[in-house]
Amino acid sequence: CVLCGRTDDCPEKYGEKRTYMEYNLTVHYYCLLMSSGIWQRGEEDEGVDGFLITDIRKEVNRAAKLKCNICKKKGASIGCVAPKCKRSYHFPCGIKKECIFQFMEDFRSYCWEHRPVQNFVDKEPRGASQCTICLDLVEHLPVYTVLKSPCCKNAWFHRECLQYQALSAGIFFFRCTVCNNKDNFQKEMLRMGIHIPERDASWELEENAYQDLLHCYQHCDVKRCLCKKGRDYNEPDSKWEIKRCQYCGSRGTHLACSSMKSWEQNWECVECRSIFAKSGKYSKRKRRALATSEKTNGTTCLLEEPPPKSPRQSSGSPRNFLLQSPKIMCQNLSPCSHLELPASNRVPMSLSPVMSNRNWSLMQKHLREQRREVCNILKELKVQVKTKTTRLNINAENIWSNALKGFRQRNFSPTNTIEVNFSNCKNRSKTSASAASKHHFFQLLMLHLQNSSLFEGSSGKNLSLDFQAVKENLYFEAGKMIAVSLVHGGPSPGFFSKTLFDCLVYGPENVKPVLEDVADVDVAQTIQMIKYANSLSSLQSTLQDCCEFLAAAGCLRPVTALCDKNMLVNDILIYHVIKRITLPLESFRQGLKTLGILEKMQMHPDAFSSILCHKPERLSAETICDLFTIHSSSDVNKVEGADFWMGYLQDVESGESVVTLEDILLFVTGSRYIPSIGFDPEPTIKFLRIRYPIGKRLLNRLELPITKTYRQFKNKMELTIRNTLRVERE
């Protein structure tokens, strides 16, 4: 470069390096922009972006007489604009010395002594938070390498991250990554020396960058395609409709080829499953596939596509187990749904079919007993709920902000009856939509909380440390929402880790966290290196490498013996998992006190652990049959048409129907799940001489037609349920 004398080609730091052979000239774009003695006197297509060649040579001659105050070499073309400051320097030297270059207006430059600084309030916390661009920690310090957002009180960034973001996004898309503010954010970043190029975003400039998105993949990729018309055949609204992978969208399957019961079910291709399996995020899907592997004596690989489905086999007649009682099921039935392990102890298992069936059955039975106990406890708490109503207006696309606004409104009380009105569900009538909308609202809310920044971890989650959330009291609101959901008929969270649950019930001082509770990969690796150090020298070397982290955790101490590592690891875990989140935990506990939930948790820890640390049991034919009471007769075998109903449940469970068990439950009750508190009133069935089934959600009652053949019964059920739910979705 004729101005700085360097050969470096680093566009991010020095701008594009341009060479003009006809003029025998090479120059860095930023060196040219920031030089003090040159202006753009030409048009954009003249010289170098408006800088005339003659002017550039004059500037080179002028700079040749000036010595750089940093490297002490000639050619310093940039000077500090502060009054009475006579410092000159090269652009790369100024970057190294942390000078500020403003890429706006007169392209001013400030030396390290006179550079502009950001204003900091003394009351601002001096801790650390996450840079929302690189996701690493950034300390809240008034230094050159750290920049604070002017529009968000607790948004901090690395300067280097912001510069890369600005170069990629351009002037039209560069904005605050937290609140999306553009004007104030760009103005402050330009003042602090961030270069924002006046062009479109890099992803918009690539030709035909989004062309592939216009192509809709239509091909069945499973190993055994069952469709006689070929892998490319696609018939919407049938079992031969092609479903694409929910992650990559570049693989597909016919619904029937993967034994999918409904188009709304999610499906993942083999490639995506293997990626999740390697990353450790596929454990939940592995557990769900465990039941399938048990039935095939463990010969089916969890990452393979399922074989062609066959009817479920059980002892005796295929439907015999369903014909004994609407409330008591045959014990010889092999389990059709499995029990989830506690969230903090979820590890993929490989068990023999005999042993796994016995263990799952015993654990499932125990969990069901605990959940029945919770159901009774929650019903006692529901006595507090009055008939006075509070209406929440919810938009499903902004579930969190709408819920927060509703829970914070002046007339909201947890003891009022809650009614939910979805702004995008205008086609539903009030009587049928009130219960269904409330169930749907709480389901969306719990799902949002599970994936929110308030919690961390892949499966069993602990509270995270979010200073902004603490400041806005969001942990309290989250605890309050969970308590209200449990008492008002919503789903249980089911994602608490054992450590979080024990902290809430027994107090953090009585809990010993484990390595699986650490969500931060770097911290977990550091703890592992300390834990598995096999010599004193390797242990001391590891401690030396992470001394800053240990000092921040208050665990920096001299280690004289290898056995000291165990106490050190325990102290680090207690700090990172418990002490670090003391404020969020206390706020969350206060929220859970709503309606007396926390008090009952402390009185009945085992019972509440079954709904807070375990995912709800998947619906099965047995569960649905046990849920409904048939009022027509005391003897189910003599009820006309009752055997059709029970046989239909088994067909639905085995995938021989276009609807799912969740669809049936939604059709009758307005909910896709069984609430922890149960349904009020309890679901019932009546057989009547009607043409089509009717779901009366206000009464939780299913009225079924009496038909001559099972085929007629099945056709009427599928036609009515599928069309009713489709109309509601539309």
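## Contacts and burial in a predicted model

User: Which residues does Glu477 touch, not counting residues up to four places away in sequence?
Analyst: This is a predicted model. Contact here means heavy atoms within 4.5 Å. Leaving out residues up to four places away in sequence, Glu477 touches Leu404, Phe407 and Arg408.

User: Is Glu477 buried or exposed?
Analyst: Glu477 sits in helix H14, residues 474-487. Its relative accessibility is 6%. Buried means under 20%. Because its value is 6%, Glu477 counts as buried.

User: Where is Val27 found?
Analyst: Val27 belongs to a strand that covers residues 25-28. That strand is E2.

User: Why does Val27 count as buried?
Analyst: The cut-off for buried is under 20% relative accessible area. Val27 counts as buried because its relative accessibility is 1%.

User: Which residues does Val27 touch, not counting residues up to four places away in sequence?
Analyst: Contacts up to four places away in sequence are set aside. Among the residues that Val27 touches are Cys1, Val2 and Leu3.

User: How far apart in space are Val27 and Gly15, C-alpha to C-alpha?
Analyst: In sequence, Val27 and Gly15 are 12 residues apart. In space, C-alpha to C-alpha, the separation is 9.4 Å.

User: Which residues gather in a patch of negative charge on the surface?
Analyst: Asp and Glu count as negative. The residues that gather in this surface patch are Glu43, Glu44, Asp45 and Glu46.

User: What is the relative accessible area of Glu46?
Analyst: Glu46 lies in the loop between helix H2 (29-34) and helix H3 (53-63). Patch residues need over 30% relative accessible area. Glu46 is partly exposed, and its value is 35%.

User: How many of the residues of helix H25 are buried?
Analyst: H25 covers residues 661-669 and is mostly covered. The buried residues include Leu661, Asp663, Ile664 and Phe667.

User: Which residue follows H25?
Analyst: This residue has a positive phi, near 85°. The residue that follows H25 is Gly670.

User: What share of the residues of the protein chain count as buried?
Analyst: The protein chain has 26 helices and 20 strands. Its accessible surface comes to about 38,000 Å². Of its 730 residues, the share that count as buried is 47%.

User: Among contacts in the protein chain between residues at least 6 apart in sequence, what share join residues at least 24 apart?
Analyst: The count takes in contacts between residues at least 6 apart in sequence. The share joining residues at least 24 apart is 61%.

Note on methods:
Residues are numbered from 1 along each chain as its sequence is written. This is a predicted model: local features need pLDDT of at least 70, side-chain atom pairs count only at pLDDT 80 or more; totals for chains, interfaces and linings use all residues. Side-chain values use heavy atoms; hydrogens and water are left out. Patches are made of residues with over 30% relative accessible area and no salt bridge: like charges are joined within 9 Å, nonpolar side chains (Val, Leu, Ile, Met, Phe, Trp, Tyr) within 5 Å. Accessible areas come from the Shrake-Rupley method with a 1.4 Å probe; for residues, only the protein chains shown count as cover. A salt bridge is a side-chain nitrogen of Lys or Arg within 4 Å of a carboxyl oxygen of Asp or Glu. The place of a charge is taken as NZ of Lys, CZ of Arg, CG of Asp or CD of Glu. Helices (H or I, at least four residues) and strands (E, at least two) are DSSP runs, numbered from the N terminus. Buried means under 20% relative accessible area, exposed over 50%, partly exposed in between (1.4 Å probe, protein chains only).
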